[in-house]
Protein chains: 2
Amino acid sequence: MGIELDLKKYIEEKRNKIENFILSYFNDPIRPEILHNSVTYSLTAGGKRLRPILALASYEACGGQNDITPYAAAIEFIHTYSLIHDDLPAMDNDDLRRGKPTNHKVFGEGIAILAGDGLLTEAFTILSNPNYASISKEALLKVISEISHASGLRGMVAGQALDLISEGAEPDAEIVQFIHLKKTAALIKASVKIGAILAEASEDLINRLETYGESIGLAFQIVDDILDIEGKTEEMGKPKGSDIERGKMTYPRVFGIEKSKEKAKELIHCAIDALKVFDHSAQPLREIASYIIKRTS
Amino acid sequence: MGIELDLKKYIEEKRNKIENFILSYFNDPIRPEILHNSVTYSLTAGGKRLRPILALASYEACGGQNDITPYAAAIEFIHTYSLIHDDLPAMDNDDLRRGKPTNHKVFGEGIAILAGDGLLTEAFTILSNPNYASISKEALLKVISEISHASGLRGMVAGQALDLISEGAEPDAEIVQFIHLKKTAALIKASVKIGAILAEASEDLINRLETYGESIGLAFQIVDDILDIEGKTEEMGKPKGSDIERGKMTYPRVFGIEKSKEKAKELIHCAIDALKVFDHSAQPLREIASYIIKRTS
């Protein structure tokens, strides 16, 4: 890979690796069959695979030489669980996700809850398996700590809980910031960070990638909020305006749409700036940051 | 501790340690407050702490000298998550658990789902923290692998899913065996096994403790099935007969109540037999096995 980077091709290549791992993971079917089908339905529903791709790109930017696809893919298991649970009637009550019926619409609420539980748990089975690549056990433990912390009671779950109880509340800058940092940015930041941990990068590089990860994570959610207002339903795979309908605490609702766009741009600038000590091996990370603000779905 | 063992005192001592750890874990409150309250409500709802006590007893039987309370307590986080999710309307739809309203009855379904998700995730934050005791990183990784496998898509979640879809189905010995082994025995077995792993016990001892753990785990669930028919509502903290009402796949339903009692006795015998190479340090494990068959709640 030279200075010029074909981001589309890069992403396609990584996505294939991740999806091959996911498929192979279920070669030996889960029992009962409905649980197998529920889990694989959501795992193969056409996600962008942003989080595992970020982990792989960060690993490469730090000079990692192994194939860490399984550990990167484990994050997609966690992301997928969070989407299945977020869509439940007791949460966001969504019927559509990426243009397809949500998991509980197809398999029922009970199985959807269990599929989410199982995916979350299975991520740790993958991350604790030292046989996938030549990685130190210390690094794997750090990765598990990082990911569980980002997803747990002081991370993603806290963000989702505050999001849930803040529906219809008065716009509040501190609250929307907490929700977005925890609900979305925490796992994106952890994805980037684990690439660096697995590559045994220096403290300085890890800190820089943390800044990068948190910045693009927050920008990602702000763009999501903006797309809910300005996006095209057919591109997003879900009806627009649903955040407004539910009185969700969004960036545009608190700061207005123009300020939100400015903030997203600033964050992307900050993310790319944090990468300045990296050479061209961080080019995919730079371009992913730029893509995040331009995306339409 | 001599040959004579005061089991009640032993259990009380261990339980205190576990509950102190659980309380101290939430000294720094979770935000939002409702999530904090939901999580601590179920964690402190008067559980027997059987699984962490088994882990501690197994660790001691294998000669372990450290205080591994946090790692043992992590299993209680997982057990508690599984109860919160099992009680949900989309699952067993229970209003009472240990004589108190179930989590979703108090905090609502959305928060109950999130509390469960958070507890499950947090268990791995605890297990991946190497600072709690002087344990090798290799042993901790093995523990994470063991527990996640026992709880995941080929463990507890699979058992719960088959349990859910088998309600009202014709009695089937193979199905009830699968459900009980996965839904209940898997995590109990893992609890016993991680004690041995943390003590870096020999392969032979680990195998024996696996046999012990699976046997008492299966016996525990069979006794649960029997208590649903013969138990006293006030002792159990939930109405009896609810399995029958729901057409649950239970041991008594498949094999009859007398055969079920015999099977539970056999299993306890088999569990105690597996411990024969251990000295008096395994006395708590032996007595816990005997207690399991005599319990009334």
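1. Basis. This is a predicted model: local features need pLDDT of at least 70, side-chain atom pairs count only at pLDDT 80 or more, and totals for chains, interfaces and linings use all residues. Residues are numbered from 1 along each chain as its sequence is written, with chains lettered from A and ligands numbered from 1 in the order in which they are written.

2. Interface. Chain A puts 44 residues in contact with 44 residues of chain B (contact: C-beta atoms, placed from the backbone, within 7 Å). On the chain A side, α2 (33-43), α6 (109-127), α7 (137-151) and α8 (156-165) each supply at least two residues. Helices here are DSSP runs of H or I, at least four residues, numbered from the N terminus. The most comes from α6(A), with 12 residues. By class, this side of chain A has 24 nonpolar, 13 polar and 7 charged residues. Nonpolar means Ala, Val, Leu, Ile, Met, Phe, Trp, Tyr, Cys and Pro; charged means Asp, Glu, Lys and Arg; the others, Gly among them, are polar.

3. Symmetry. Chain A superposes on chain B by a rotation of 180 degrees with 0.0 Å of shift along its axis (RMSD 0.0 Å). The same surface serves both: 100% of the contact residues of chain A recur in chain B.

4. Helix pair. In chain A, α9 (residues 173-198) and α10 (residues 203-230) pack at about 145 degrees, axes 7 Å apart. Axes are lines fitted to C-alpha atoms over the stretch in contact, and angles run from 0 to 180 degrees between N-to-C directions. Residues of α9(A) in this contact include Leu181(A), Ile188(A) and Val192(A); those of α10(A) include Leu209(A), Ile216(A) and Phe220(A). The contact divides into 13 nonpolar, 6 polar and 4 charged residues.

5. Core. The largest nonpolar core has 179 residues, and Leu35(B) is among those with the most contacts inside it. Such a core is a set of buried Ala, Val, Leu, Ile, Met, Phe, Trp, Tyr and Cys residues joined through C-beta atoms within 7 Å. Beyond four places in sequence, Leu35(B) is in contact with residues including Leu153(A), Ala158(A), Ala161(A), Ile111(B) and Leu114(B).

6. Ser297(B). This residue lies in the segment after α15 (283-294) of chain B. Ser297(B) is partly exposed, with 14 other C-beta atoms within 10 Å (buried: 20 or more; exposed: 12 or fewer; partly exposed: in between). Beyond four places in sequence, Ser297(B) touches Glu235(B), Met236(B) and Gly237(B).

Conventions. Two residues are in contact if their C-beta atoms, placed from the backbone, lie within 7 Å. Copies are superposed by least squares on the C-alpha atoms of residues with pLDDT of at least 70 in both.
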